[in-house]
Amino acid sequence: MTELIHTRAELAAAVAAAPDRVAVVMTMGALHAGHRALMQAARERSAFVLVTIFVNPLQFGPNEDFDKYPRTLEADLEACRDEGVSVVFAPSRDEVYPDGAPSITMNAGALGEILEGASRPGHFAGMLTVVEKLLLLTRAEVAFFGEKDFQQLALIRRMARDLELGTEIVGVPTVREPDGLALSSRNRYLSPQERASALVLSRALREGAAHTDGDTVLAAATKILDDEPGVRVDYLALTGPDLGPAPAEGAARLLVAARVGSTRLIDNVPIRLAPIRLGKDR
């Protein structure tokens, strides 16, 4: 049976009584099949899965959707029960930040200034601050994050390594709708017409991933995006697997962010680059 708790004291007691390693899945609620995949991955690693539900104000900019971000606790609890979650920790803002907004926060460094960081100043500092807090509060030995938010995953991995947090960070592949749209809590903001337009993101990534030369990858994906007038592209980027420069060959990542109507969406896919041979992309 899934236990719902709200306070630090309750959390400490639950963790102290855990029968197995603490496997944590951090969410902001509005749970969907992507979150369920994280819970399922966690269940494969531990009999004690702890899900956090907290809409973190620090990672929202002044013109972003903190106030209208969906809060669906009852439905979220039902999803957690279905997936065999042991404990759901749903704290208030004061429980997480008892002294108000923290005066000391995480610095995301150079990796946090590109891509999403360039478009959303302060976002990653707020995200890393709450993730570190929750890792320490939950005493998690392993934590699961989706690859859809790939830059977030890369930064959390770097933070855990740089600060010797002792938590294993596991990435879980993106879960998609049957038509290819990456699952996101923000998809509910899309009108039917906007949702149809949003499919261009995954289509562009698939087209790019069908090639193995970096220039051709970007050109193919760009052409698909340019043909969809309902989407305003923020960035399309080809990087290394750690978000550094893309290699001449080997593992890479193709990432896109765009605004569809008033909703900002992100997506990415792994890709494998290879040298051009005989003047052709292979």
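How many residues does the largest nonpolar core have, and which of them have the most contacts inside it?

A: The model is a predicted one, in which local features need pLDDT of at least 70, side-chain atom pairs count only at pLDDT 80 or more, and totals for chains, interfaces and linings use all residues. Residues are numbered from 1 along each chain as its sequence is written, and side-chain values use heavy atoms, with hydrogens and water left out.

The largest nonpolar core has 43 residues, and Leu50, Leu128, Val131 and Phe145 have the most contacts inside it. A nonpolar core is here a set of buried Ala, Val, Leu, Ile, Met, Phe, Trp, Tyr and Cys residues joined through side-chain atoms within 4.5 Å. Buried means under 20% relative accessible area, exposed over 50%, and partly exposed in between (1.4 Å probe, protein chains only). Leaving aside residues up to four places away in sequence, Leu128 touches Met106, Ala108, Leu155, Ile156 and Met159, where contact means heavy atoms within 4.5 Å. A second, separate core of 22 residues includes Leu190, Ala198, Leu201 and Ala252. In soluble globular proteins, nonpolar side chains tend to be buried together.

Helices (H or I, at least four residues) and strands (E, at least two) are DSSP runs, numbered from the N terminus. Val142 stands opposite Glu168 in strand 6. With helix 7 (residues 150-162), strands 5 and 6 make a right-handed β-α-β unit. Right-handed means that, with the strands pointing away from the viewer, the path from the first strand over the helix to the second runs clockwise.

Helix 2 has as its buried residues Gly34, His35, Ala37, Leu38, Met39, Ala41 and Ala42. Their cover includes strand 2 (22-27), strand 3 (48-53), helix 3, strand 5 and strand 6. The end C-alpha atoms of helix 2 are 19 Å apart, which agrees with the 18 Å that its 13 residues should span at 1.5 Å a residue; the expected span is 1.5 Å times one less than the number of residues.

A salt bridge is a side-chain nitrogen of Lys or Arg within 4 Å of a carboxyl oxygen of Asp or Glu, and a search of the whole structure finds 12 of them. Glu168 counts as partly exposed because its relative accessibility is 37%; Arg45 is likewise partly exposed, at 31%.

Helix 8 (residues 192-209) leads back to the second core: Ala198 and Leu201, which that core includes, are among the buried residues of this helix. Others among them are Leu199, Val200, Ala204 and Leu205. The buried residues of helix 8 pack against helix 9 (214-226), strand 7 (231-239), strand 8 (250-260) and strand 9 (263-273). From its first C-alpha to its last, this helix of 18 residues reaches 27 Å, close to the 26 Å expected.

Definitions and conventions: Pairing = 2+ DSSP bridges.
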